[in-house]
2 protein chains.
Amino acid sequence: MGERTRAITIADVAARAGVSQASVSRVLNRKQSVDPAIVRAVQDAIDVLGYTPSVAARSLVHGRNDTIAMVVPDLENPLFQGILKGLSLAAASDHYRVLVADTAEVVDDEEATAIEARHRCDALVLCAPRMPEERLRRLVARVAPVVVVNRPLPGAEVPIVGVDYARGIRDLVDHLRGLGHERIAYVSGPAASASNAERLRGVEEASAADPSVRIDVIAGGSRLDDGYMVAEAVTNARAAGVTAVIAFNDLVALGLMTRLTELGVSVPRDLSVAGFDDVPMARFSTPRLTSMSVPRGEIGAQAWARLRTLIAGGPIEHSVLYRPRLEIRDSTGPVAA
Amino acid sequence: MGERTRAITIADVAARAGVSQASVSRVLNRKQSVDPAIVRAVQDAIDVLGYTPSVAARSLVHGRNDTIAMVVPDLENPLFQGILKGLSLAAASDHYRVLVADTAEVVDDEEATAIEARHRCDALVLCAPRMPEERLRRLVARVAPVVVVNRPLPGAEVPIVGVDYARGIRDLVDHLRGLGHERIAYVSGPAASASNAERLRGVEEASAADPSVRIDVIAGGSRLDDGYMVAEAVTNARAAGVTAVIAFNDLVALGLMTRLTELGVSVPRDLSVAGFDDVPMARFSTPRLTSMSVPRGEIGAQAWARLRTLIAGGPIEHSVLYRPRLEIRDSTGPVAA
DNA sequence: CTGTTAGCGCCTTCAA
DNA sequence: TTGAAGGCGCTAACAG
């Protein structure tokens, strides 16, 4: 890598500077102190020759290559993008780079992809929202050091950086309750998604905590289209008394609102709609979308912090769960009188 | 990399199988024909030991590591995400992985980042829309094999995969002209952006080709906020007779429409608005946004195709320029009578 | 402080 | 067809 023609090596530098390779290596790594004259000679030789050390050789000697991998189901998901960005920037500040491995939503490939990616790198960030728990647990043990992002994994020896989706849903329900809504619909995400399961748990908890509220679940999805297409089901629910909708995420909420507008359903007058994730677009929809904000970049940065500790041989640090922050905008309002 | 404890090596496998390392290497790489008995013995040993070859050692020997890097100014830009996804998938099908290097919009870091990334990888995909041409030309020569994405670079020895933005703008202007618009405003992107320059060229060409049309340029930006904030300037332009707006990209168009709606300006009745890039959200805005579609994933895939040829020692293949496709939706309409 | 010597794990001639 | 040996480029002992 890194060279077109026959690369110049540390031996060339040593020869030109009239010293041993070890000395060159020393000035390169500033480990021991070296005679200033030699340092200068070596520096000169390096400059003249335009030498750069081979990362491959270094990797072989050190047993690491200052690279981590992030495995994601879909690079086009704004949530993962934000995490990747945060991870990439944080890692870069420690001279680490990030390899991306998009599994294109094929759950059955995730395991192999993760193992392969891990083999090229020093550590792994795993986003595998749909992988069965047991399989993920085995995988995690196999590819350590690793941190799991955006889903719980009870009992596994791995740091987790995630979001308290259940709590977020409860907070959202509270918000709607405060506006007078008692009949709410939750448009669910992908059936196998762990974070959808967490949200559903939040739905249950909210129902249990407040008998006056009733929350129906409508099968949805995770993308704009899914929200668009679920609109009919939502209007049916509305006819049956539902006054507010919580969507799996903002994309679904935005797609839903688009269709509702077409159908002549006014948000929030006829129906309140809330999303989750607080993607940039949420502030720019009409009406502006009430959402639960999730610190995407921060999740990536925290994942790196934990990974760095593990790489350095440190302990498995405490997991973190971010509590989503309610962003009240214009798509939710008081229940119609 | 790839190991926690002392890794097992090809020597361990050889020992257990009772053959030489060379034989193991042979069955691993299925190069020469090997005695079936040996093959079996080696396979068994590999399975029992759970051996996987060291990528670092391989890299050192081969001088490559089956990894390419993509340098981008901002991972959160939907355009680059799409390209990255396409690139990543295409490369993966050839057992290559992609390293991402986000320069966080700091143009002065791009050069160093590119060189560093290139040093870790076999080749580079460069997205550097704001780097001065001359500097980019020098850089490109230095980091080959490389392909430049999404900007022209006349006279450089490098394949380019890009978009004919000028043509796209002209097609868009034609569309608006067909609807009767003669006074158009172009909300420009970042001043240093090469693709903005291309769009401006399209604006000039369109004006030159059709004297009946007049296109004003309004300074904008590249994000939702920029579009939102430029709305006042746009309404002023409208007061001065402008009947249609072309935004630098969809994000700007969407932000602009949001603000226009707030200001009571009806799109497309009072003003037509068109974007560029055709991001997923364009189909879901209210009104649905007319845009110029750009094949994001395909750009990434083509970038990989060219890179692969270069890596294999092939020639610099022809550059490609995609012609954006007009997606007529509801945000553009006939000029008011 | 410096040079010599062994590897890191793998592939690849070269003989046998 | 197989094994032995050298080397990819660098670093880390170990002497000197």
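Across the interface of chain A and chain B of this predicted model, the rule finds 23 residue pairs in polar contact, both residues being at pLDDT 80 or more; a polar contact is a pair of N or O atoms within 3.5 Å, where within protein one must be able to donate a hydrogen and the other to accept it, and residues adjacent in sequence count only if both atoms are side-chain atoms. The elements that give two or more residues to the side of chain A that touches chain B are α4 (55–62), α5 (78–92), β2 (97–102), α6 (107–120), α10 (224–229) and α12 (250–262), with helices (H or I, at least four residues) and strands (E, at least two) taken as DSSP runs numbered from the N terminus.

In terms of contact (heavy atoms within 4.5 Å), 59 residues of chain A meet 58 residues of chain B. Eight salt bridges are found across this interface, a salt bridge being a side-chain nitrogen of Lys or Arg within 4 Å of a carboxyl oxygen of Asp or Glu; one of the salt bridges joins the side chains of A:Arg97 and B:Glu116 at 2.4 Å, N to O. Strand β2 of chain A and strand β2 (residues 97–102) of chain B pair in the antiparallel sense over three bridges, where pairing requires that DSSP find at least two bridges between two strands, and the bridge partner of A:Val98 is B:Val100.

Local features need pLDDT of at least 70 and side-chain atom pairs pLDDT 80 or more, whereas totals for chains, interfaces and linings use all residues. Side-chain values use heavy atoms, without hydrogens and water, residues are numbered from 1 along each chain as its sequence is written, and chains are lettered from A and ligands numbered from 1 in the order in which they are written.
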